[in-house]
Amino acid sequence: MQKSIHKYLFSGVLLLSVIAGARTVKAQVAPPIDSLKADSLRNHKKVYPPNPGLASQYDIGDLARDLLHPNKQPDTTKKPSGITVIPNIASNPSIGFQLGIKAVAGRVLGTDPSTLLSVAATSASITTKNIIYFYVTHNVFTNGNKWNLQGSLVAAKTVTPDFGIGIGRGNFSSPEAIALTNPDRKGYALNALYFRFSEKVYKEVAEHLFVGGGLSFELRRNIEDKRSEPTALTPYYVYSDQHGFNRNGYSANGMLFNVQYTTRDNQNRAYKGIYADAGIRLNETFLGSSKNAAQLTVDLRKYISLSHSHPEHVIAFWAWGSYLLSGDLPLLELPGSGKDPNFRSARGYTVGYFKGTKYFDGEVEYRFPITRNKFLSGVTFFSMQTAADNLGTNLFEVWQPGGGAGLRVLFNKATRTNLCLDYAWGKYGSRGFFLGLNEAF
């Protein structure tokens with residue numbers, strides 16, 4: 001990924017995204033304020049007065065209006081658009097060059113002014129390595145935040161990279177242990193069909209506090225390592241045989257039980273607040289799972305705005321960990337790099353580059369505006385991850401760093417939607433360019 005082509009790719013992606021945004025995004029006036037005028041309460045209607053802070057910001061919709069209709073004044077009688085559409089372009093050694101389309105939508109549902117923003121996203125893409133990927137995700141809050149629904153649907157033809165188990169420290173006690181811990185960081189490519197459906201429903205039981213549950217189904221079929229013989233000692237073959245998983249496919253289906261606490265001021269790009277979610281996943285054979293397993297996952301995020309007049313100056317902290325408590329998980333479903341629900345953690349490493357029965361990733365990111373109208377912003381970020389492999393390396397014993405920097409283009413000021421262009425790197429020559437909508441966390 002050190003080739004100069006990425007410099008031209010980065011510039012081309014930005015230009016292409018601006019052109020696409022100019023054709024698809026329309027910006028109007030400010031989003032709803034957090035209070036209602038007294039005389040509107042009886043009619044249960046929100047009032048949308050001008051917002052000076054938002055009016056001073058400039059997004060892709062404003063750019064489109066200035067380019068296509070330079071003399072046209074913005075229509076201040078319309079509510080802001082909450083939909084953003086962009087090309088989905090990326091490049092890294094695992095997937096090759098990716099081209100597709102991505103859309104994100106945001107809207108406040110209901111009339112209660114305390115209701116949090118609901119968001120949804122979808123994407124379809126294809127890569128030069130014949131990977132086809134489609135997904136739909138949503139995070140919906142009903143009126144007054146009485147209920148919160150979170151879910152995703154994924155269908156894909158994938159080529160999944162596999163670098164073994166653990167955090168990079170080799171175990172040399174046997175040929176199988178060497179293959180599993182993979183100290184040389186040799187990459188194996190596993191072709192498969194992948195399907196995932198997950199849905200969680202939360203009920204607000206106190207202000208900002210939710211409890212809920214749901215189901216998750218993950219299936220991989222037609223798994224094939226086209227470059228390795230069946231008798232080869234690869235991490236996937238050795239692990240599957242030792243733990244009793246079918247090499248050709250498996251299911252990891254379970255029940256979800258979660259507790260969530262959130263005070264974030266925005267789901268897309270928070271300036272302040274806390275997000276915390278702790279959950280237990282129970283994979284059960286009566287749900288079609290290949291093996292039983294119990295897994296604990298904890299997601300903690302904190303946002304601190306450094307300026308009252310320019311709240312976009314933010315330091316954000318993220319701690320994400322997942323721990324196998326009992327039973328067995330398939331190798332490719334073990335927690336690891338980029339295995340959070342949105343695949344955004346541990347930037348600089350391929351998804352699953354490090355993984356283990358227990359895994360933790362800690363990150364810090366500084367976000368800052370570049371231009372006065374907030375059209376361009378920047379970020380710098382740093383992460384540290386650790387994993388246990390049950391082969392002699394314990395959690396928090398070995399750490400692997402990652403970091404990078406990125407550019408942000410304001411796509412939709414009404415929903416704080418940013419186009420994110422990140423370049424990140426880690427150890428073992430791992431690095432990559434990433435394009436996405438909304439912040440990593």
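This report describes the predicted model of one protein chain, from its overall make-up to selected residue pairs.

## Basis and confidence

The model is predicted, so local features are given only at pLDDT of at least 70 and side-chain atom pairs only at pLDDT 80 or more, whereas totals for chains, interfaces and linings use all residues. Residues are numbered from 1 along each chain as its sequence is written, and side-chain values use heavy atoms, with hydrogens and water left out.

The average pLDDT (the predictor's confidence in each residue, from 0 to 100) of the protein chain is 84, and 85% of the residues score at least 70. Confidence is lowest in helix H1 (residues 5-24), with a mean of 38, and highest in strand S11 (residues 293-305), at 98. Over residues 1-52 the pLDDT stays under 50; for this stretch the model has 93 contacts beyond four places in sequence. A contact here means heavy atoms within 4.5 Å. Where pLDDT is low, the predicted coordinates should not be read in detail.

## Overall make-up

The secondary structure comprises five helices and 17 strands. These elements are DSSP runs numbered from the N terminus, with helices (H or I) of at least four residues and strands (E) of at least two. Of the 441 residues in the protein chain, 52% count as buried; buried means under 20% relative accessible area, exposed over 50%, and partly exposed in between (1.4 Å probe, protein chains only). Among contacts between residues at least 6 apart in sequence, 62% join residues at least 24 apart. The chain exposes about 20000 Å², of which carbon and sulfur atoms supply 61%. Accessible areas come from the Shrake-Rupley method with a 1.4 Å probe; for residues, only the protein chains shown count as cover.

## Helix H5 and the residues that follow

In helix H5 (residues 235-243), Pro 235, Tyr 236, Tyr 237, Val 238, Tyr 239 and Ser 240 are buried. The buried residues of H5 pack against several elements, including strand S6 (147-162), helix H4 (175-181) and strand S9 (250-262). Gly 244 follows H5 and has a positive phi, near 75°.

Ser 290 lies in the loop between strand S10 (273-283) and S11. Its relative accessible area is 36%, so Ser 290 is partly exposed. Beyond its neighbours within four places in sequence, Ser 290 is in contact with Phe 245, Tyr 250, Ser 251 and Thr 285. The C-alpha atoms of Ser 290 and Phe 245 are separated by 7.3 Å, although these residues are 45 apart along the chain.

Another pairing across the sequence involves Leu 435, in strand S17 (residues 431-437). Leu 435 is buried, with a relative accessible area of 9%. The C-alpha atom of Leu 435 is 6.3 Å from that of Ile 89, and the two residues are 346 apart along the chain.

## Salt bridges

Side chains of opposite charge can pair when their charged atoms come close. The structure holds 14 salt bridges, each being a side-chain nitrogen of Lys or Arg within 4 Å of a carboxyl oxygen of Asp or Glu.

Lys 374 is buried at 14% relative accessibility, and Glu 312 is buried at 9%. In the pair of Asp 241 and Arg 247, Asp 241 is partly exposed at 46%, and Arg 247 is partly exposed at 24%. A network of salt bridges links Arg 347, Glu 363, Glu 365, Arg 367, Arg 408, Asp 422 and Glu 439.

## Aromatic pairs

A pair of aromatic rings is described by the distance of the centres and the angle of the planes. Rings of Phe, Tyr and Trp (its six-membered ring) pair if their centres lie within 6.5 Å; planes under 30 degrees apart count as stacked, over 60 as edge-to-face and the rest as tilted. By this rule there are 17 aromatic pairs. The rings of Phe 360 and Phe 396 have centres 5.8 Å apart and planes at 65°, so the pair is edge-to-face. Phe 360 is in strand S13 and Phe 396 in the loop between strand S14 (376-388) and strand S15 (400-412), 36 residues apart. Phe 360 counts as buried at 18% relative accessibility, whereas Phe 396 is partly exposed at 46%.
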